Amino acid sequence: MTPEQLQSAVLALIAGARLKSAGGLTVSEFGSLVVEVIRLAVAGLDTITTLDGPGKKLWTLACVGTLFDAVADSCVPFVAKPVWWIVRPAVRTLVLSAAGGALEQILKLTRAAAPEPTA
């Protein structure tokens with residue numbers, strides 16, 4: 001997968017998430033979307049050699065941040081919106097921190113499931 005193909009795939013996933021969030025999202029659905037973005041990024045970035053490990057992690061977390069900015073507001077009921085606007089930056093930081101931890105676990109699972117290279 002080329003970097004352009006990966007970026008297009010992530011943007012398509014986020015566009016689909018926006019459509020899905022039009023009617024509102026639950027926190028569970030949002031969490032599933034975050035894991036889906038991370039899995040897509042891990043699968044795509046494993047084939048890209050122009051970025052090193054920390055660069056790949058930053059790129060993946062930037063994708064999660066973009067997803068958060070695109071759909072997280074739809075998880076909050078209208079009544080709670082005033083409080084949401086106050087706590088949103090802290091929640092975004094918390095989501096990115098959790099995504100960083102999830103990324104490490106998904107990497108372990110992906111690499112453990114990958115077949116051993118043969119020489």
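The following legends describe close-up views of a predicted model.

**View 1. Helix α2 and its surroundings.** Helix α2 comprises residues 27-45, a run of 19 residues. From its first C-alpha to its last, α2 reaches 27 Å, close to the 27 Å expected at 1.5 Å a residue. Its buried residues are F30, L33, V34, V37, I38, A41, V42, G44 and L45. The cover over these buried residues includes three other helices, namely α1 (3-21), α3 (53-71) and α4 (81-113).

**View 2. The largest nonpolar core.** This core contains 30 residues, of which F30, V34, I38, V64 and L67 touch the most other members. Helices α1, α2, α3 and α4 each supply at least two of the core residues. The greatest contribution is that of α2, with 8 residues. In soluble globular proteins, nonpolar side chains tend to be buried together.

**View 3. Contacts of I38.** I38 is among the buried residues of α2 and is also one of the core members that touch the most others. When neighbours within four places in sequence are left aside, I38 is in contact with T60, V64, A99, A102, L103 and I106. One of these partners, V64, is likewise listed among the core members with the most contacts to other members.

**View 4. T60 in helix α3.** T60 is found in helix α3. Its relative accessible area is 1%, under the 20% limit, and T60 is therefore buried. Apart from neighbours within four places in sequence, T60 is in contact with I38, A41, L45 and L103.

**View 5. R88 in helix α4.** R88 lies in helix α4. Because its relative accessibility is 16%, and thus under 20%, R88 counts as buried. R88 touches F68, D69 and D73, with residues up to four places away in sequence not counted. R88 and A72 are 16 residues apart in sequence, and their C-alpha atoms are 9.0 Å apart in space.

**View 6. A nonpolar surface patch.** V83, I86 and V87 make a nonpolar surface patch of about 280 Å². V83 has its place in helix α4. With a relative accessibility of 52%, which is over 50%, V83 counts as exposed. Helix α4 thus holds both the exposed V83 and the buried R88.

Key
Residues numbered from 1 in each chain as written. Predicted model: local features only at pLDDT ≥ 70, side-chain atom pairs only at ≥ 80, totals over all residues. Heavy atoms only, no water. Helix = DSSP H or I, 4+ residues; strand = E, 2+ residues; numbered from the N terminus. Expected span 1.5 Å × (residues − 1). Buried < 20%, exposed > 50% of the residue type's maximum accessible area, 1.4 Å probe, protein only. Contact = heavy atoms within 4.5 Å. Patch = residues over 30% accessible without salt bridge, like charges linked within 9 Å, V, L, I, M, F, W, Y side chains within 5 Å. Areas by Shrake-Rupley, 256 points an atom, 1.4 Å probe, with all protein chains shown as cover. Salt bridge = Lys/Arg side-chain N within 4 Å of Asp/Glu carboxyl O. Core = buried A, V, L, I, M, F, W, Y, C linked by side-chain atoms within 4.5 Å.
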